[in-house]
Amino acid sequence: YSTIESPGYIGTIRRMANNQFNAGITDNNSLSKALSETGAFSEQPVERIPQYGFYAFPYSIYVIARDGTGIETFDDLAGANVYPAEPGYSTRATTLDVWSQEPTADVFDQMNIQNMGVDSAPGAMEEGTIDASIAYGTPGVRYTGFVQEIASRVDIHYVEPTDALIESAESYDGAGTGTTSYDDWSIAGTDIGTDEVFHWNLEVNYTFNPEANPDAVYELCRVVDEHNDTVNEGEAQFNDFGSTEDMLGSARENIPVHRGAVQYYRDNDAWDDNLTEGESP
């Protein structure tokens, strides 16, 4: 077992398609687009798409605004300068996919979307170039760096979701949704004026090429399941599974599951018959 760096989740899918490695971490939204040849894969599709193994962790996303902007709810983002993270980020792509659906498309169409690197975003927020930004990370664990820096430099508050935003998020196949107590997941101890945040989730998975050794995939599933506490000690962001079934928490009917993982779930009475076993050579 060895680790290799990869340029983001879409890059992982492309590099796995080129057989540069057998397993990689990517997300449901990118996998769904690779399967349907949409989004980043509409003009450059891949011939081989990785198969699901197990849920790794969520990047949960919501909106914060700079105090003094008058932005209180999602509808107030119409006409505002909004930063949905750096171009090319999967969190950005998933956010824009959620917002551009009905019934939130009308608000999204009026936003002034800001394009810059995450290293520039805190300064732009401080200077007033950005009115609102997404905040994201893994609930109960941490936020990504630029969000923590914004909270340390700027007075911010939570942007309340509308019923339309909740509907868009819950109906979008490429994302999950949830709510988290803010006391359990505060940004650098900052009070943003809410007890609970509603978020849409970029669901990150361990995936495997179809020809990856099924015994190795089975063993990795076993290690993650039986030694989950040890895995969490090494990386707090990784999911804390309450049961073997929870490893399938982000599995989707349109994304095939690798046969080595399928065998592990079947052996542990955790397989979901609504899912599909992936083809293998």
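His258 touches Gln51, Tyr52, Phe208, Asn209, Pro210, Ala212, Pro214 and Val217, where residues up to four places away in sequence are not counted and contact means heavy atoms within 4.5 Å. The model is a predicted one, in which local features need pLDDT of at least 70 and side-chain atom pairs count only at pLDDT 80 or more, whereas totals for chains, interfaces and linings use all residues. Residues are numbered from 1 along each chain as its sequence is written, and side-chain values use heavy atoms, with hydrogens and water left out.

His258 lies in the loop between helix H9 (228-234) and H10, helices (H or I, at least four residues) and strands (E, at least two) being DSSP runs numbered from the N terminus. With a relative accessibility of 0%, His258 counts as buried, a term that stands for under 20% relative accessible area, with exposed meaning over 50% and partly exposed the range in between (1.4 Å probe, protein chains only). In helix H10 (residues 259-267), the residues Gly260, Ala261, Val262, Tyr264 and Tyr265 are buried, and the buried residues of H10 pack against S2 and helix H8 (214-226). Asp269 lies in the segment after H10 and, although not a glycine, has a positive phi of about 50 degrees; Asp269 is exposed, with a relative accessible area of 68%.

The chain as a whole has 10 helices and nine strands. Its radius of gyration, taken over C-alpha atoms, is compared with a globule rule of 2.2 Å times the number of residues to the power 0.38; the value of 19 Å is close to the 19 Å that the rule gives for 281 residues, so the chain is as compact as a globular protein of that length. The C-alpha atoms fill a box of roughly 55 × 40 × 35 Å, taken along the principal axes, and 52% of the 281 residues count as buried. Among contacts between residues at least 6 apart in sequence, 73% join residues at least 24 apart.

Helix H2 (residues 28-36) and helix H3 (residues 90-99) pack at an angle of about 70 degrees, with their axes 9 Å apart. That makes H2 roughly perpendicular to H3, given that angles of 65 to 115 degrees count as roughly perpendicular, those under 35 as roughly parallel, those over 145 as roughly antiparallel and the rest as oblique. The axes are lines fitted to C-alpha atoms, for helices over the stretch in contact, and the angles run from 0 to 180 degrees between N-to-C directions. In this contact, Asn29, Ser30 and Lys33 in H2 meet Ser90, Ala93, Thr94 and Asp97 in H3. Ser30 is buried, with a relative accessible area of 5%, and, apart from residues up to four places away in sequence, touches Tyr9, Ile10, Ile13, Phe41 and Ser90.

Glu37 is placed in the loop between H2 and strand S2 (51-66), where it counts as partly exposed at 45% relative accessibility. Leaving aside neighbours within four places in sequence, Glu37 is in contact with Ser42 and Pro45.

Two further loops contain backbone features. Ala85, in the loop between strand S3 (81-83) and H3, has a positive phi of about 85 degrees although it is not a glycine, and Ala85 is buried, with a relative accessible area of 0%. Pro103 lies in the loop between H3 and helix H4 (105-110), and the peptide bond from Glu102 to Pro103 is cis, with omega near 10 degrees.
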